Amino acid sequence: MGRFFVYLLLMMLTLIIQLVIPPSLVFLGVKPDLLLILVVIIALIRGRKYGSGFGFIAGSLQDLFLGGFFGVFTVIKTFIGIVVGLIEGNFFKEQYIIATLLIFAATIVNETLLILLSENLLFTVNYWVVLCNLILPEAVLNGLIGLIVYPIIYRIDNSGGQLL
């Protein structure tokens, strides 16, 4: 099975997991953004084209299933996929801590852009309170999940997309 289809399969699995995470698994009042983690990892491993493409797919799926102003998640995830994908050739992919830090930073950018692009949130949210109470805990959680998931996806990619 080729890389593209393996990544597509991982994205669908990630979406299902994201949609069915029970409230009892919410950590410090925040839910991880598993699609964002996957987009960042794919962009880091495969570059800008894969990052933008899978960012677009992940954002579209999130827009479709989570509602709200359609297109916001698509624009944000595509943007993040492009930006992170530009970094792809500038570091050793075996350095998992870099992936963790980029997932942390991408989470902050993702949530900040979500606030800025959502007119119902823009003027009603105290950004500093949201940053301290929701965004930073989510960024830490996403980074920790990324630290665990990145090596697995990296090995799958190095095997040519073979899952086993």
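This is a predicted model: local features need pLDDT of at least 70, side-chain atom pairs count only at pLDDT 80 or more; totals for chains, interfaces and linings use all residues.
Okay, let's start with a question: which helix is Asn142 found in? Asn142 sits in helix H7, which covers residues 127–158. I'll come back to that residue in a minute.

The chain has seven helices and zero strands. Reading from the N terminus, the elements go α-α-α-α-α-α-α. There are 164 residues in the chain, and 46% of them are buried. If you take the contacts with a separation of 6 or more, 73% of them come from residues 24 or more positions apart.

Now the inside. In soluble globular proteins, nonpolar side chains tend to be buried together. Here, the largest nonpolar core has 39 residues, and the ones with the most contacts inside it are Met11, Val40, Leu44 and Tyr150. Which elements give two or more residues to this core? They are H1, H2 (34–46), H3, H4, H5 (96–117) and H7. Helix H2 gives the most, with twelve residues.

Is Asn142 buried or exposed? Asn142 is buried, because its relative accessible area is 0%, and the cut-off for buried is under 20%. So what does a polar side chain do in there? The side chain of Asn142 reaches the backbone nitrogen of Asp33 at 3.0 Å. The side chain of Asn142 also makes a polar contact with the side chain of Thr107, again listed at 3.0 Å. Not counting residues up to four places away in sequence, the residues that Asn142 touches are Pro32, Asp33, Leu36, Ile37, Ile103 and Thr107.

Side chains of opposite charge can pair when their charged atoms come close. How many salt bridges does the count come to? Two. One joins Lys77 and Asp33, with the closest N and O atoms 3.1 Å apart. Lys77 is in helix H4 and Asp33 is in the loop between H1 and H2, so this pair ties together parts that are 44 residues apart in sequence. Both Lys77 and Asp33 are buried.

The other salt bridge is between the side chains of Asp157 and Arg46, at 3.5 Å from N to O. Asp157 lies in helix H7 and Arg46 in helix H2, so that pair ties together parts 111 residues apart in sequence. Asp157 counts as buried, because its relative accessibility is 5%, whereas Arg46 counts as partly exposed, at 29%.

Last stop, the outside. The accessible surface of the chain comes to about 8700 Å², and 73% of it belongs to carbon and sulfur atoms. There's a nonpolar patch out here, formed by Ile16, Leu19, Val20, Leu64, Phe65, Leu66 and Phe70, with about 730 Å² of accessible area together. Helix H1 (3–20) and helix H3 (48–66) each supply at least two residues of the patch. Where is Phe70 found? Phe70 is in the loop between H3 and helix H4 (72–87). Phe70 counts as exposed because its relative accessible area is 55%, and the cut-off for exposed is over 50%.

Conventions. Residues are numbered from 1 along each chain as its sequence is written. Side-chain values use heavy atoms; hydrogens and water are left out. Patches are made of residues with over 30% relative accessible area and no salt bridge: like charges are joined within 9 Å, nonpolar side chains (Val, Leu, Ile, Met, Phe, Trp, Tyr) within 5 Å. Accessible areas come from the Shrake-Rupley method with a 1.4 Å probe; for residues, only the protein chains shown count as cover. A salt bridge is a side-chain nitrogen of Lys or Arg within 4 Å of a carboxyl oxygen of Asp or Glu. Helices (H or I, at least four residues) and strands (E, at least two) are DSSP runs, numbered from the N terminus. Buried means under 20% relative accessible area, exposed over 50%, partly exposed in between (1.4 Å probe, protein chains only). A polar contact is a pair of N or O atoms within 3.5 Å; within protein, one must be able to donate a hydrogen and the other to accept it, and residues adjacent in sequence count only if both atoms are side-chain atoms. Contact means heavy atoms within 4.5 Å. A nonpolar core is a set of buried Ala, Val, Leu, Ile, Met, Phe, Trp, Tyr and Cys residues joined through side-chain atoms within 4.5 Å.
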